[in-house]
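Please look over the structure shown below before reading on.

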Amino acid sequence: MMRALRPLIITLGLLLIWQLIVWLTGAPRFILPGPLLVLETLFNQLPLLIQHAGVTLAEILLGLLLGTLLGLVSALSLVTWGGLRRWLLPVLVVSQAIPVFALAPVLMLWLGYGLASKVAMATLIIYFPVTAACFDGLRQTPTGYLQLARTLGASRRAQLLQIRLPAALPAFGSGLRVAASVAPIGAVVGEWVGSSTGLGYLMLNANARMQVDLMFAALLVLAVMALTLYFSVNLIARRLTPWLEESTSHATRGNTP
Amino acid sequence: MVPRTTSTPGGKTVDIELRHASLHWQQHCVFSNLNLTLPSNRWTCLLGQSGVGKSSLLQLLCGIADGADIQGEIHCSDGKPLQGRVAWMAQQDLLLPWLSLIDNVLLGARLQRNGRPSAEQRELAGYLLQQVGLTDRATALPAHLSGGQRQRVALARTLFQDQPLVCMDEPFSALDSINRLRLQDLAAELLADRTVLMITHDPLEALRLSDRILVLQGHPARLSEALEPNGATPRAVDDAEVLKQQARLLRLLAHGSSLAEDSP
């Protein structure tokens, strides 16, 4: 019972603190709007917010899909071809020294102000974490499994598909979780640098016009979206590795009241 | 109909001989010019302390010794290569955590080109799980099993392979003593009349299960004369002869004297 109520109590508590700060400091509504005002704006401007949120969501989901696929394919290629690994891995590592945010203006220049440049931002920002997680997962197959597979006469293909790939699924799951939590950052930064739609654009625009309540409402929508995305991906990752859940849940279940 | 399991695999009786085996580790000779014969349908046990190169020797026979600097010629009495005809059972059960028990037993069939076990293979796997006493857990995941149960499944998987040679690398050393005795009994029953090479550092285990015991020790390591205990396996732990030989082997392993010097 307490477990179900806890998130609600935490949320209400935070809102109360927020409202208290507004009351105590007497901040004007264009500096810090109270939660009630933000909620009111949220309901009044719902059609507008939903319209922009849809754009941002599309950018995030497309970026997530592309980045994950590219990362998975890269990791598989790196593991399969040793030559490729020796040439490509240093390039990958060095490329991470360039902040993705610094690339945003260039991406706008090349891909325009539309959807493509934001999808590219989200893709780029998750590509490396996903590749690294999958690559590590594929490399760290217990030697015993591979030796056993060899005594069973498994081809390299069978070893990859039936031993290495399933053994790497937990690592792939963590890569996916990281990707889900950073993909929204990529999309919103892309919108800040240059766009005419999306929640990032709406926030910048509202800020410039002193509509701080609208900005907060957009932020709220973004936060709910990011959380929903994270928990959905988390659910998918757990579905991919049912054996992990079963082996660890006994320990964790014992500790929770 | 009960699927055939324990009799000689496919009517093949193959003597296996390893000649001129040598192992080097960091420019240091662990053993050289070692000759080992594994007569068909006998259980041979290689006894020795850790670091003496037992596992490397076993991995050479299994064709998975690519990390170590080990060499040797392998001859089979039927003239065919040994590669791909060895069932390997390790100290760890090596059950794949994402596969159910029955699928773990079927792993050899699943990893083949078509990858789909036939109905007969499924029946055999079910029968083997019944032999190791885990029929009712066939669809469970390995995480739900105890260490002893998991090693039983590994034994079933080894039997499923039905190869002319079974190589076991300290298969029961990670188990508690009661489970170890139970699994030794089970293995002796299910692997009767098979050609087996087992590696162990436990003289009692060697004496309970094997037809021939070879001790590997020294610098560089050499193989002793074969000790051939009497009586049917598995021998009782309180058998007078077993206890006497155990004391002798322990003394031998601890002090490094040879079997010949020590014999009465």
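## Terms and source

A crossing of two helices is called left-handed if the near helix is turned anticlockwise from the far one by less than a right angle, and right-handed if it is turned clockwise. Helices (H or I, at least four residues) and strands (E, at least two) are DSSP runs, numbered from the N terminus.

This is a predicted model, in which local features need pLDDT of at least 70 and side-chain atom pairs count only at pLDDT 80 or more, while totals for chains, interfaces and linings use all residues. Residues are numbered from 1 along each chain as its sequence is written, and chains are lettered from A and ligands numbered from 1 in the order in which they are written.

## Chain A and its helices

Chain A has 11 helices and 0 strands, and its C-alpha atoms fill a box of roughly 75 × 55 × 30 Å along the principal axes. Of its 257 residues, 35% count as buried, where a residue is buried if 20 or more other C-beta atoms lie within 10 Å of its own, exposed if 12 or fewer do, and partly exposed in between, with C-beta atoms placed from the backbone.

The axes of α6(A), residues 115-139, and α8(A), residues 156-193, come within 7 Å and cross at roughly 160°. Here axes are lines fitted to C-alpha atoms, for helices over the stretch in contact, and angles run from 0 to 180 degrees between N-to-C directions. Angles under 35 degrees count as roughly parallel, over 145 as roughly antiparallel, 65 to 115 as roughly perpendicular and the rest as oblique. α6(A) and α8(A) are therefore roughly antiparallel to each other, and their crossing is right-handed.

The axes of α2(A), residues 35-44, and α10(A), residues 212-240, come within 8 Å and cross at roughly 75°, which makes α2(A) roughly perpendicular to α10(A). In this pair, L37(A), V38(A), T41(A) and L42(A) of α2(A) meet D213(A), L214(A), F216(A), A217(A) and L220(A) of α10(A), and two residues are in contact if their C-beta atoms, placed from the backbone, lie within 7 Å.

## Domains and cores

The domain assignment of chain B gives domain 1 (39-63 + 165-259) and domain 2 (86-162), and such bounds come from an automatic or database domain assignment. The centres of the two domains, taken over C-alpha atoms, are separated by 25 Å, and their contact takes 18 residues from domain 1 and 15 residues from domain 2.

A nonpolar core is a set of buried Ala, Val, Leu, Ile, Met, Phe, Trp, Tyr and Cys residues joined through C-beta atoms within 7 Å. The largest such core has 76 residues, and L61(B), V105(B) and A156(B) are among those with the most contacts inside it. Its largest share, 6 residues, comes from helix α5 (residues 147-161) of chain B. Domain 1 and domain 2 of chain B both give residues to this core, so it lies between them. A second, separate core of 51 residues includes A75(A), I125(A), F172(A) and L214(A).

## Where the chains meet

The contact between the chains takes 19 residues from chain B and 16 residues from chain A. On the side of chain B that touches chain A, the largest share, 3 residues, comes from α3(B).

## One exposed residue

Is A240(B) buried or exposed? A240(B) has 8 C-beta neighbours inside 10 Å and therefore counts as exposed; its place is in helix α8 (residues 240-255) of chain B.
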